[in-house]
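Subject: Structure handover and findings

Hello,

Please find the structure below. My notes on it follow.

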Amino acid sequence: MPEPVPEEKPEGQAPEEPTAEAEPQPEKDDAPPTDGDSDADGDEPGSTSLSGLFVEKPAQSLVAVAGTDLTIIARVDSTTLTRKPTMKWLKGKWMDLGSKAGKHMQFKETYDRNTKIYTYEMKIIKVVPGDAGGFRCEVTAKDKCDSSTFEITVEAAHQEEQADILSAFKRADAGEDDGNLDFSALLKATKKKKKPVKEEPAIDVWELLKSAHPSEYEKIAFEYGITDLRGMLKRLKKMKVVEPKHSEAFLKRLESCYSVEKGKKIVLRCEVVDPDVQVKWLKNGQEIKPSAKYIIETSGNVRTLTINKATLADDAAYECVVGDDKCFTEVFVKEPPVTITKLMDDYHVVVGERVEFEIEVSEEGAHVMWYFEDIELHKEKDSSKFRFKKDGKKHTLIIQEAKLEDIGMYHAWTNGGHTKGELEVEEKQLEVLQDIADLTVRATDQALFKCEVSDDKVTGKWFKDGVEVVASDRIKMTHIGRFHRLLIDNVKPEDAGDYSFIPDGYALSISAKLNFLEIKVDYVPRQDPPKIHLDTTGNMVSQNTIIVVAGNKLRLDVEITGEPAPTCVWSKGDKVISETEGRVRVEARKDLSCFVIEGAEREDEGNYTICVTNPAGEDKAMLFVKIVDVPDPPENVRCTSVGEDCANIVWDAPAFDGGAQLKGYLMERKKKGSSRWTKLNFDVYEPTTYEAKRMIEGVYYEMRVFAINSIGLSQPSLSSKPFMPIAATSEPIRLSVHDVTDSTCTLKWLAPEKIGAGGLDGYIIEYCKEGDTEWVVANQELCERQGFVVRGLPVGEKINFRVVAINIAGRSPPATLGQPVTIREIMEYPKIRLPRDLRTKFIRKVGEKINLVIPFQGKPRPIATWLKEGQPIDPAMINVRNSNVDTILFIRSAEREHSGKYELVLKIENMEDRAAIQIQIIDKPGPPQKLKVTEVWGFNAALEWEPPKDNGNCEITGYTIQKADLKTKEWFTVYEHNRRTNCTASDLIMGNEYMFRVYSENLCGLSEDPCFSKNTAVIAKTDLEIKRNPYEKKDKSCAPKFTQPLVDRSVVAGYSTAISCAVKGFPKPKIVWMKNKMILGGENPKFLMRNHQGVLTLNIRKPSTFDSGKYSCLAVNDLGKEEVECKLDVRIATDPDKDKGK
């Protein structure tokens, strides 16, 4: 990867944008070259390292120019990975840069389906010096992980003198408009030469920071445009060489740095020398006052500062001040990862519908990345198709009009979570819910054609005999929701014909016929019996049955003839209908009787009778009015079984079908807790069982069902109980036979490779005889372990075994053996497997616990017997426990009598095996014998003694010899681990008399008591003369002299300050402080004068402008005097924001 350093361009040209990404030029098996690659060597800093998961890593060292863009690239090969890798970009040790994504830092991820390589990019826009530091990229994929570190160095931009004459006329203070030319300089006299401007030397920010106080770091960083304070402090810490400094005020200083998660508590602790001293806590140089957030505590020598509920504002430098001594630390506040609290829902829509994928995150203002399949969606590039919406913690991806190419999986990523939702889009299919009925009307009456379609947004046109109907005062067309109406007032004969409604955009036509009823007047005799003339067209499906849709209006006009005019009576059953107003009414006209039902209801269904009478006779007619409606919702929706990504749903047909035959059902589902229902079918589904597919395992779902008849769609059913798609586990693996006896078989296996969200409840073990088909369950309760002993098997039979895993979803496929097992015990010789450490002498100390576990093998079960020195062991002293596979010898507290040779005998009938173990219990030895001084010469004494009577059942490894002066009787060690029984004590002091004592030593340690010498060693004195050097007294007197002068200062009014200097002199000089040559008295509380070991300090409490002036310090003693002075300027604080406004 090349170093992103731009080449210098000729004058007047802008430098090209540097990039760390080379042009992709893949050639066969060669690695893609980059601009900075060398042909000679691949070990240079810019070369690409191929190792681990990374196909291409960032270069170890990158150099960028301030103000330019920098792109870092890493590539990962996913051919061997089982799931998509996760990439993290980190700065320093732990700061996740994913939370810093924005205008300055941008992250991109692409995937090549052909090569299966993921490409990750981190782009830094307009690099600033604060971006310098150490970085790391980490990629993880299930149980695999790889990382790469790299360093970014930021250099200042190189500016050459502009030789272009036009640049001389550019405005220097125009900001963004500096491209415009200013020729006003040409209007002035050219005789005057401008004074040469002195070029200020370039300032090294790091040298400035190294010499600055930590409280000034933030100010310097702001002045020089450093935004990454953490990176600055870490780099500065590497540059600084801190010399170890002994602190007179602190016993234990603060740690160099602390780390705390956002919202948590942190405690800063240090220890001071003086338990009564007062300390000050500073944050970025400002004193911290105690509050609910900052708790300052004192406990003896310990001083603590507790910061509650840490925020990003608490990320700062802290100091603890004791007098003139300080200790520093840094607190780093780590932001927690942003998690997704509300997951994304699936959508099933038709073309043109609006889709809104909505999620909720744990933090407001969090950065969320949206992906369609593996393609990242950007607000700038994809704004024409997608809209991105943020509302607090809610983030929404909006598709205005869904298309078929939008089908797929949509993802939302944060730095701490991931969710996905599936979008399914289908073509629009228009369904006619209510057809147009034929009409027969009389002249001047009103004709109404009405139809209902499934989409309320569909528009259309009305046609009569193939010609489009034009609206007028008499003909009106309306569209309200799903209903389309054609209303014709004052019907005329020419209005009769075929009418049809054609929806826009669909090859569909809904037709009906309008019949004009012509009234003929016949001359009849004056006496004419009444006659009812029923019209058998229109809504009348048969001669005496009329079908009406619930909610519609029924108007039945019955022509009546007779002379004289007959009387008409309508009745329903035995009840006469005489109302002329209301919902159900009768209207009388000449030669007509009108029966009207407004908004038909189910209760209106029944047999209706019309009876007409006059003096000439009577006539009756029977009509049956049938009310049809949408069906009731289906009942008892339930889930009967589930799979890994599917579920079987069953429901009962609605109790009332609406009076019309059911066409089928529509199903919807949603995730539990969500309010978004997703359609599962657009075509009518007739059965009452349905298999819902493409579900997510481990997520709870709810289902509801709609019923459909020729009238329309029912209300939704009650939601089913929540259910979770769960698959049974895969079969257990590696089923094997561990042991076989005459009546049992021990099986072992491993857990299934795939368990899923349903978990694993246990196992069922089954067996059957060879050639039989009936499997017998061996365990009454589920076996939770991965092994089982099947008992009660017939001897000599060949038995097949299988093991099934059980969870909430049911049984897994069985794991079987390759061949049947013969139930017969196998004879095996007894064999003792003696551990390696017991093959040599086993040594333990007195009082220790002995626990010997000796494994063995053999079939049938062998009999184990322990012997000590050829005799059976005493059960009162030694405990023994035997099992099928081992024997244990246990001694709670070892004694010396437990030592000896132990033998384990393993028998099976006439076969046996033996193993011997030598146990030695050791103790501390006794003291040596007969210690005496055999000879004394010069400053030496010779000692001799005899070994102890009791060696502690162990070899004596040495002796420890000590001496003591009879005057002080303090013992000092002369020799340790002396293996011989004699020694010589040297370097004894002349004139002293010594006594000696000796301890014996073995593996347990030194003996409890020593052996004291029976005689002493006296070191005789000799004549010696001491020569003393003459003592000369040194004259330390000197006149006062200032080793550190006063320094001029400029301070802000209202903030306490101090001026200091240092003086030496003997005798101790008298100190006088003066202001403007006037002596400052000690009684003035504004001034506090201190003298600490020659360091003179004048503290001025909250100075005002009146306190400005010249301050001097005079030191006087008998040998002379000296004076130093400084100037103190007290200024009034100003608001920098107001100054900028001016």
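Over which ring does the charged end of R997 sit? That ring belongs to W971, and the charged end of R997 is 4.2 Å from its centre. Please keep in mind that this is a predicted model. A second case of this kind involves K84, which lies over the face of Y371 at 5.3 Å from the ring centre.

Aromatic pairs

The structure holds 19 aromatic pairs. One of them is formed by Y118 and Y120, with 6.2 Å from centre to centre and 15° between the planes, and the pair is stacked. Y118 and Y120 are both buried.

Another pair is made by F357 and Y410. Their ring centres are 5.0 Å apart and their planes stand at 25°, so this pair counts as stacked; the cut-off for stacking is under 30 degrees. The pair links distant parts of the chain, since F357 belongs to strand β21 (residues 355–361) and Y410 to strand β26 (residues 408–414), 53 residues apart. Both F357 and Y410 are buried. They also belong to a cluster linked by ring pairs, together with Y347, F372 and F386.

The cavity

How many cavities of 30 Å³ or more are there? The count comes to one. The volume of the largest cavity is about 50 Å³. Its lining consists of D345, D346, R669, K670, K671, R676, T678 and Y701. By class, six of the lining residues are charged, one is polar and one is nonpolar. Strand β49 (residues 662–671) gives the most to this lining, with three residues.

Strands and sheets

Five strands make up an open sheet in the order β29-β36-β35-β31-β32, and the pairing in it is mixed. At the edges are β29 (439–442) and β32 (467–468), each of which pairs on one side only. β29 and strand β36 (residues 510–517) run parallel and are joined by four bridges. Within this pairing, V441 has F516 in β36 as its bridge partner.

Elsewhere, strand β67 (residues 879–882) pairs with strand β68 (residues 886–891) in the antiparallel sense, over four bridges. β67 and β68 form a hairpin, and three residues lie between them. The bridge partner of N879 in β68 is F890.

Backbone details in loops

- The peptide bond from F1066 to P1067 is cis, with omega near 0°. P1067 is in the loop between β82 (1057–1066) and β83 (1070–1075).
- E373 has a positive phi, near 55°, and is a residue other than glycine. E373 is found in the loop between β22 (369–372) and β23 (375–377). With a relative accessible area of 32%, E373 is partly exposed.
- D987 is not a glycine either, yet its phi is positive, at about 55°. D987 has its place in the loop between β75 (982–985) and β76 (993–1002). Its relative accessible area is 67%, so D987 counts as exposed; the cut-off for that is over 50%.

Regards

Note on methods: Residues are numbered from 1 along each chain as its sequence is written. This is a predicted model: local features need pLDDT of at least 70, side-chain atom pairs count only at pLDDT 80 or more; totals for chains, interfaces and linings use all residues. Side-chain values use heavy atoms; hydrogens and water are left out. Two strands pair if DSSP finds at least two bridges between them. Helices (H or I, at least four residues) and strands (E, at least two) are DSSP runs, numbered from the N terminus. Rings of Phe, Tyr and Trp (its six-membered ring) pair if their centres lie within 6.5 Å; planes under 30 degrees apart count as stacked, over 60 as edge-to-face and the rest as tilted. Buried means under 20% relative accessible area, exposed over 50%, partly exposed in between (1.4 Å probe, protein chains only). A charge sits over a ring if NZ of Lys or CZ of Arg is within 6 Å of the ring centre and within 35 degrees of the ring normal. On a 1 Å grid over the protein atoms alone, a cavity is a set of points where a 1.4 Å probe fits but cannot get out, and a pocket is an open set with protein on both sides within 12 Å along at least five of seven lines; lining residues have an atom within 4 Å of a point. Grid points are joined across faces, edges and corners, and a volume is the space filled by probe spheres set on the points. Ala, Val, Leu, Ile, Met, Phe, Trp, Tyr, Cys and Pro count as nonpolar, Asp, Glu, Lys and Arg as charged, and the others, Gly among them, as polar.
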